[in-house]
Structures are given as C-alpha cells and as structure tokens.
Amino acid sequence: MLCASVRTVRRLSLLCVLSLTVATPNVLAQDQRNATGEYGVVVSRSVEASNVGAAILEQGGNAVDAAIATGFALAVTYPSAGNIGGGGFMLVHPSDGRDPAFVDYREKAPLASTEDMYIDGGSRKNHRWVGVPGTVAGFVLAHEQFGTLPWEDLVMPSVRLAEDGFVLKSLAQGLNRAVERSENDEFKRVYGKGGGTQLWQASDRLVLSDLGSTLRRIARWGNDGFYVGETADLLVTEMVRGDGYITQNDLSSYAAFIREPIRTTFRGNEIFSAPPPSSGGIALTIMLGILENFDLKSKGRWSPETMHLIIESMRRAYADRARYLGDSDFVEIPVHLTTKGYARELAASIDPRHATMSEKLGPRLTEVEESQETTHYSVIDRTGMAVSNTYTLEQGYGSGVVVTGAGFLLNNEMGDFNRNPGVTNRQGSIGTSANLIVAEKRMLSSMTPTIAVRDGKVVMVTGSPGGRTIINTVLNVTLNILEFEMSLRDAVDAPRLNMQWFPDRVGFQGFDDPVFSDLVKQLTVMGHRVTSGGGGDANSILVKDGLFIGAADNQNGGASAARR
Ligand code: DON
C-alpha cells in the first residue's frame, strides 16, 4: 500500500488510503470512500445514493440513468442539498460519438420578480426567496435525450428509500441543528424527531412518507407529477401561505434546456464545463488558460511560485466573473473571455514576485462569506459515458420551507442574483447589471461540473459544492490530476487554495500543517493575505488503464462500483 507524502495530503487521518478489499473479480477495490471497477462507478455525498446509482448500472442502465436515480436518492438521503425543489446542471459526455451536452435545470426567477424585490434584505429562510425549481424537468430532459431504462425504474428506488426510511448516521446531528434553528412548522414535523420535540440519534431511521408520495407521482407522470396536478397544487398553496411569488403559471412555463458546454483544452486534454448561467466553465477556462503558459510541474506543486501563479489566475478570473457574467439568454457575454489569446494577456500581467492588489483589477467590494451546501456527484458507466452533476437548494436546506403535504424542501436560489444594484451581496454577486433580477431569468451560479477527455475518452469527472469557492476547488483537483499527475485519492485530499478577487485574501484549506509554514511566509512576503479556510466536496472519478476509479471527498461520502 502506498502512503502519500504529507505534502500531498489534506487530512492527516487520510495519510494512507485504507487497505482495499477485493469484493468480486469485477469490482477491483471497494471501501466506503473509494471504489475501482471496470463496469462503472458512482461517487456522491451519500453512500445510499451511490448504491442506488450503481444498482442502476448493474441493471444495464447507462451513466445518465444512474445519475438521475442518484439525484432522486440524494433528495431523500441528503436533504440539506439533494433535492427536487432546487436546480442545477448535468454535464453529459456520451461514449457513442454524440457531442457532449449540458442540461441546464437552473431555477428561474418567478414571473412576478422585479429588479428591486429584495432591496430591503432580510432573512432568506422563507417563501419569498424561492426560485422556480428545475430539478425534475432537468432529469426528465436528460432522460429523454440520453436515458435507456424506463423512467419509473429510476425514481422508484428513491420512493422505497423515502417510504421505508434510512438510517441517519452522521445526518442526525445536522438535522437536529437545522430543526432547532427552523421556524417552519412543516420542516419540524417532517424532519424533526417527534416533530422536533426529541433529538435524532445516529442509529435512528428517517421515514419521509409525503416525499415518497411526491416521488411516486414523479415516477408515474414525470414532469406532470411535479409541475401540474397535486404536487403543483401543494406547492402553489404553500406559496400563498408564506407570501411567496411562484404561481401555477411559473411552474407550467418552466423548461430545462440543453446547452453547449464550455470547451477548452489543457495540456492535451479537452475540458468540458459549465456555460452560463453558471460562471464556472468560463472562469475555469480563464484560469487554466493562464496557467498553461507556465511550467508548473517543474516548479513543483507546493512551491511559492506555483501557488502564486494559481492565486493570481484565480484573482483575474474572478474579476471577470463579477464584471461580465450572468444568464446568457438575457445578457451578452464577451466572447474574448474564453480565448487563449486573452489568457496569454492575463498571464503576462502577472508579476512573478508580487501579488496584484485586487483593487487594481476593479473597484473594491464588500467582503463575503460562503456556506458549503450544494452537492456534486460523478458517474461513469462501462462504456465510458460520463455524467458530472452539481445541484443545489442554495443554502443548507434551502429556504427551510417544506411544501406542506408534499414533503420536499424548496430552494432559496433567488439570493444568487445581484439583489441591490451597486452593492455586493452575501454570495459575492456584485451590483453589475449582468446578474440583476429579471422575471424568468436564471441567477448566476458557480457550479462547475467538469469532464476532461483525452483522445476522445473521458479521463476525469469532477465538481464540487461551496458557493463561489466551487470553481477554485475544481481548478485545484484538475491541476492535481492533469498537471501534477497525482493519484485520484491524493488529488481529492490535497490542500486547496481559494482566492476570489474579493475579499482580497487567500483561503488555504489543509495548510495548517507545519510543513507549509515556510510556504505561507513566502506568500505573505509576496503580498498575499493568507488565511485558513475553503472547502469543497469534490466527489470525483479518474479513468486509468481502462479502470474506473472513484473517490468520495467527505468522510460521509460514498463511492460505489457496479459489480457487473
Ligand atoms: O449556484 C451556486 O453557485 C450556489 N447557489 C451554490 C451554493 C453553494 O454551493 C452553497 N453555498 N452557498
């Protein structure tokens, strides 16, 4: 067993990957967080959800089938971010010669929305912040385009999970905290033990019967099980109860779209990632484009030179993100942003010895904070078809509003818009017009589901939660794999750095180990303001020598390999 050096490992407890046990001849290695096999792998934040996806692969489903089933399962087993009441993005790389496709099922602003609807701010834990949910429509569209198994077969495993219940394990604590903070009676009734009068224990089983019934309607009728009929009636009634904006018209007019992914190259690999309304793919393209101009490998992964260049590339990409990006159906995105020539110009603007003060790239903005909720999962099937899916309720448990009688949580994604023209909001949006609120517009996202391909074959699938830090997490993992050729486990576990233009500081995750103190000192001398912090949950897949290797990031995540 190979133990990674301390320099490449983020958490000391993970210095050595656990000894892996051989399960069957076709699953070469499997423990909870690592799985290697030749028949496909699913990696998500929840072991139960990954197992649902792997079972679909074993039934002959393809990667999209498994991704849909995993997504519905996460809506049951990981309620803080897994959802049917939110939205997200699914990047698909087929293995049959078809072009990669990006399923945009981002929430949209309700028809009643106006630019200044949130000018007075206030708590975001209520009905008023809910965007029109997109997840069900996105999964239906993905299934229509790419699915092979019957739709019902993809939803029913989650119906069973919800109705039979599942053992809470680490979720118990998080739920207890959320229930204690919640002011929503239905949330307490559905997610609290004894309606919130008792505390969940890790060994308790959570049964979600209303959610099970809603999923049954979705299993039977697809979009019509959610956007019209009983589920829609319950949702609209919930909106009326809490002064929310969403009407039946909003639900009936919601559509998921297939978009062209952002496409770039890095060191001979093709990189596919998220186009607007996400900022992820464009920002990632700018950063990789800048870094391609430097031989980072010979400088070393943890050298001050490499770290400085990564930080400066992030600073420049995030400045452009804030300035230019929004829903491209509503705003013009400058085409030069993703060109190699522009990246070269930005690379040339980096002073090799000194940090560029962020004010030099634009006006100073308010400092922002980030939360971690959202979830990413990666799937590959035996043919090499891959799916990279990131979806979210925005904050943990979204708006905290459970649709009474329907058992699912609603997002508070409207907070991702620039809410106060001219003012920075908590999520780091700024008051530029590209991301101001317009009825039916999609709010700018940072979700960055990403797939790397070499010689036509998928080599890496990754993505992460973490608000604006998402794009940086994806960059860290991508560089670890494609530039520094780390093993997947090391690439996911390695320390991460995070710089977002503003706040003008560098967040390090995992650099508290004394072996990094010199590095931090040298970066400080260059003018970087170094703090600890960051995050991410990069549930990723690497393809090597014909094998599919999955690595879950979080201790509670799960990688599951198909056995046949
Ligand atoms: O779409 C986005 O970028 C955010 N709504 C994602 C939210 C997230 O990762 C958790 N942090 N706030």
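This is a predicted model: local features need pLDDT of at least 70, side-chain atom pairs count only at pLDDT 80 or more; totals for chains, interfaces and linings use all residues.
Me: How are helices and strands labelled here?

Reply: They are DSSP runs numbered from the N terminus: helices are H or I with at least four residues, strands are E with at least two.

Me: How far does α7 reach from its first C-alpha to its last?

Reply: The general idea is an expected span of 1.5 Å times one less than the number of residues. Helix α7 (residues 209-221) has 13 residues and reaches 18 Å, close to the 18 Å expected.

Me: Which residues of α7 are buried?

Reply: Buried means under 20% relative accessible area, exposed means over 50%, and partly exposed is in between, using a 1.4 Å probe and protein chains only. In α7 the buried ones are L211, G212, T214, L215, R217, I218 and A219. They pack against α2 (63-77), α3 (135-146), α4 (151-164) and α8 (229-241).

Me: And how many residues of α10 are buried?

Reply: 12 of the 12, so α10 is largely enclosed by the rest of the structure. Among them are G280, G281, I282 and A283. The span of helix α10 (residues 280-291) also checks out: its end C-alpha atoms are 16 Å apart, which agrees with the 16 Å that its 12 residues should span.

Me: Now the sheet: what is the order of the three strands?

Reply: Strands of a sheet pair through backbone hydrogen bonds, either parallel or antiparallel. To count as paired, two strands need at least two bridges found by DSSP between them. This open sheet has the order β15-β16-β17, with mixed pairing. Its edge strands, β15 (496-498) and β17 (530-532), each pair on one side only. Neighbouring strands are turned by 30° against each other on average, direction ignored. The axes are lines fitted to C-alpha atoms, for helices over the stretch in contact, and angles run from 0 to 180 degrees between N-to-C directions.

Me: How many bridges join β16 to β17?

Reply: Three, between strands that run parallel; β16 covers residues 506-509. V506 stands opposite V530 in β17.

Me: Which helix packs on the sheet?

Reply: Helix α12 (residues 304-324), which touches β15 and β16 and makes about 40° with the direction of β15. Contact here means heavy atoms within 4.5 Å.

Me: Zooming out, how is the chain divided into domains?

Reply: The bounds come from an automatic or database domain assignment. Domain 1 is 46-258 + 382-450, and domain 2 is 262-269 + 279-369 + 452-555. Their C-alpha centres lie 27 Å apart, and 30 residues of domain 1 are in contact with 34 residues of domain 2.

Me: What area do domain 1 and domain 2 bury between them?

Reply: The size of an interface is often given as the accessible area lost when the parts come together. The convention used is a 1.4 Å probe, with the loss summed over both parts. Here the two domains bury about 2400 Å², 60% of it on carbon and sulfur atoms.

Me: Last one: what is M443 in contact with, leaving aside its neighbours within four places in sequence?

Reply: The list includes R106, E107, K108 and P277. M443 is in the loop between β12 and β13, and at 0% relative accessibility it counts as buried.

Technical notes. Residues are numbered from 1 along each chain as its sequence is written. Side-chain values use heavy atoms; hydrogens and water are left out.
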